[in-house]
Amino acid sequence: MEIQELKRIAAQRRADAVTMITRAKTGHTGGAMSCLDVLTCLFYDTLRPGDHFLLSKGHSVEGYWAILADKGYFPREMLREFSQAGSPLIGHPNCRVNGVEMSTGALGHGLPIGVGAALAAKRRGTGHRVFVVMGDGEQAEGSVWEAAMAGANYHLDNLFAIVDRNGLQISGGTEDVMALDSLSDKWRAFGWEVTEIDGNDMEQVKAYFHLAAEGGKPHCLMARTVKGKGLPFAENRAEWHHKVPTQEQLLEAYQALGVKGVDWA
Amino acid sequence: MKAVRKAFTETLVSLARENKNIWALATDSRGSVTLTDFARELPEQFVECGIAEQDAVGMAAGLTLEGITSFVCGPASFYAARSAEQVKVDVAYCHRDVKVIGVSGGVSYGALGGTHHAVQDVALMRAIPDLEVFLPADARQAEALTRYLAASGKPAYVRMGRGPVPEVYGEDCPFEAGKANFLRRGKDAAVIACGEMVYPALEAARLLSGRGIEISVIDMHTIKPLDEQAILAAAETGLVITCEEHSVHGGLGAAAAEVLCQKRPTKMRILGLPDETLYSGTAAEVFAHYGLTAEGVAQAVEEGLK
C-alpha cells in the first residue's frame, strides 16, 4: 500500500481510538497512539494469511479494535461498546472477538507465545511469520528474556519482536523507573537482529518490514516512538498513559490529525 | 508397581508416533518427566525450553496457534506456581489445547523440601475457570487419562507423582473425565481419595472390613469438573472422609465440603497435609508422620464413627 494511504489510515484509526477512549471515559491513550503506525503498517501492508499478530502490550488495545473493525472482523458500530458492560471489546485484546487469536494484557506473555507459534511454523515449513508488539516498560518482565533466549536458540527468523520504545511508562520515564538502556544492545547480546527506526515514520516502518529477511536470527525492531503521538496535548507526557481526553481535546485531536471525525460514533 | 509418569510418557510416545500434531515440551526436565525416549525418537515434536517454566507454558500455548496439541511437562511445584499466570491466561483464559503436566507432585521429592513440594497446586489450578484438573491414581489410569487428554481439545492440569505406585486398577480400568469411580461400596462411611492416595484408601477399607466396618471408596480422579453426584452419593453413608496428598486448604477436601455444606450437610473429615512447613523425609515418611496411610485413614474412619 502507498505510504500516503497508510498515513491517512493511521490518522483515521487514531481518531477512532481517541473517540473510543473519550466516549468510554477510560483507556490507555498514550500507548495506543505511539504504536499505531506500526499496527497500521502490519495490518494494511505486512501481514499475510496465516501470519500471527500478538499485542503483548495489550493495554494499547484501542487502535487494535479500530483496525479490526475497519478490516471487517466486526461491525464498526461495535466500537461504541468499547469498555461498556457486557461487551467483548474490553480494555485488552480478547480472543472471544473475531480476529484476535490470544487474549493478552498480562505483560511479558506475548513473546513466549510468539516463540511457540514461530517454532511450530518453522519446523513445519508453513511459512507463517509472527509479530509481537511489546511495550518498553514491559521489558522489565523476566519472561520477555526467557523468550528472547529461546527465540535465538531456535533461530526463529520468522519471529519479529517489536518494542514500542516511547520512553514512558505509568510512573514516569522508563530510565527513571527501571533503566533499560542500552536496550538494543541487550537484544543483540541475546542473539537477535536489531534494527532501530523512527516508529512513527510510516516510510521507515514500511521499509523495515519489506526488507526484513530470513537470516537465522529472530528480529527485534526497536521502534522509537512518541507516547500520545498525534495528540498535541498528550505527546510525551507520562500522565497520558491512561488519561481521558475532554470533548474539547477530542475536537483538538481531530484537527491535529487532519480528520473530520468518525463515522460510527 | 509402576510410576504414573512412566505410563504417561509411554502412552504419549505411542500417540505422538501416530499423530504428528502432538508435541511435548520440557524445562530441562526430560529425565525427571521420563521424556528422554520421546525426545530421542520424535525430536521434531519435542521442544526443550531450558529452565524457564513461564516461557514454556507460553510457548506451549503458542504452538497451538499452528495446530499443535501441547503437553508441557515438568515439576508440579514450578508449573502450578511460578507459571500459574501463564496457565491462567495463556492456556485457560485463551482456551488453548495445552496440557500442563506437573510431575513429582505432592511431596514426591521428599527430603528435597518445601521448595520442591507441590501441595497447593490443586487449590490454585481448580480455581481457574475452564481448566480441567486430574490426579491419576495409578499407571493404568494414567494411560487412559493420556488418551483422553490427547483427544479432548481442552486445557488441563494434571498432577502426577514420582515413584512407582501399586495397581489400583486391573485390566478393567474405567475412565471417564468428570466421573468418579466407586471402587468399593459400604454402608458405614465413604472415603473419597485422589491420585496416589487412592491405594491407601483401598487398603484402609480392607483393614476396616476385618474390623466389621464397611466403607465406600471413591476415586475422584477428576477434581474439575467435579463429580458432585458421587460426593452426594458418598454422603448417604453419613460420614465422608477425604484423603489427598495436598494441603488441607483448597484441595479435594475443600471441593467436597463446598458441595456438601450447600447441598447435603454431612459429617466430614479432611485428611491431607497441614498448613505448616512440612516434616522432612521421604514421601513415605512424610505420609507416616501425618497419618496419610492405610492405618491412618482407617483410624480416621473409626474416630468419625464414634
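Two strands count as paired if DSSP finds at least two bridges between them. In this predicted model, local features need pLDDT of at least 70 and side-chain atom pairs count only at pLDDT 80 or more, while totals for chains, interfaces and linings use all residues. Residues are numbered from 1 along each chain as its sequence is written, and chains are lettered from A and ligands numbered from 1 in the order in which they are written. Helices (H or I, at least four residues) and strands (E, at least two) are DSSP runs, numbered from the N terminus.

**Sheet of chain A**

- In chain A, five strands form an open sheet in the order β1-β2-β3-β7-β6, with parallel pairing.
- Its edge strands are β1 (52-55) and β6 (193-198) of chain A, each of which pairs on one side only.
- Direction ignored, neighbouring strands of this sheet are turned by 20 degrees against each other on average; axes are lines fitted to C-alpha atoms, for helices over the stretch in contact, and angles run from 0 to 180 degrees between N-to-C directions.
- Six bridges link strand β2 (residues 130-135) of chain A with strand β3 (residues 159-165) of chain A in the parallel sense.
- A:Gly135 has A:Asp164 in β3(A) as its bridge partner.
- α5(A) packs on the sheet and touches β1, β2 and β3 of chain A, its direction making about 170 degrees with that of β2(A); residues are in contact if their C-beta atoms, placed from the backbone, lie within 7 Å.

**Helices α1 and α9 of chain A**

- Helix α1 (residues 3-24) and helix α9 (residues 202-211) of chain A pack with their axes 10 Å apart, at an angle of about 115 degrees.
- That angle makes α1(A) roughly perpendicular to α9(A); angles under 35 degrees count as roughly parallel, over 145 as roughly antiparallel, 65 to 115 as roughly perpendicular and the rest as oblique.
- α1(A) passes α9(A) in a right-handed crossing; a crossing is right-handed if the near helix is turned clockwise from the far one by less than a right angle, and left-handed if anticlockwise.
- From α1(A), A:Ile3, A:Leu6, A:Lys7 and A:Ala10 meet A:Met202, A:Glu203 and A:Lys206 of α9(A).
- This contact of α1(A) with α9(A) has four nonpolar, no polar and three charged residues; Ala, Val, Leu, Ile, Met, Phe, Trp, Tyr, Cys and Pro count as nonpolar, Asp, Glu, Lys and Arg as charged, and the others, Gly among them, as polar.

**Contact between chains A and B**

- Chain A gives 25 residues to the contact and chain B gives 22 residues.
- On the side of chain A that touches chain B, the elements giving two or more residues are α5 (110-124) and α6 (142-153) of chain A.
- α5(A) supplies the largest share of that side, eleven residues.
- By class, the side of chain A that touches chain B has 13 nonpolar, eight polar and four charged residues.
- The axes of α6(A) and helix α4 (residues 53-64) of chain B cross at roughly 70 degrees and come within 8 Å.
- α6(A) is therefore roughly perpendicular to α4(B), and their crossing is right-handed.
- A:Ser143, A:Glu146, A:Ala147 and A:Ala150 in α6(A) meet B:Gln54, B:Asp55, B:Gly58 and B:Met59 in α4(B).

**Strand β5 of chain B**

- Strand β5 (residues 98-103) of chain B is mostly covered, with six of its six residues buried; a residue is buried if 20 or more other C-beta atoms lie within 10 Å of its own, exposed if 12 or fewer, and partly exposed in between, with C-beta atoms placed from the backbone.
- B:Val98, B:Val100 and B:Gly102 are buried on one side of β5(B), and B:Lys99, B:Ile101 and B:Val103 on the other.
- Strand β4 (residues 69-75) of chain B runs parallel to β5(B) and is joined to it by six bridges, with B:Pro75 opposite B:Val103.
- Four bridges pair β5(B) with strand β7 (residues 156-159) of chain B in the parallel sense, and B:Val100 stands opposite B:Tyr157.

**B:Ser280**

- B:Ser280 lies in the loop between β14 (267-273) and α12 (283-290) of chain B.
- B:Ser280 is partly exposed, with 14 other C-beta atoms within 10 Å.
- From C-alpha to C-alpha, B:Ser280 and B:Ala111 are 5.4 Å apart in space, though 169 residues apart in sequence.

Notes. Contact = placed C-beta atoms within 7 Å.
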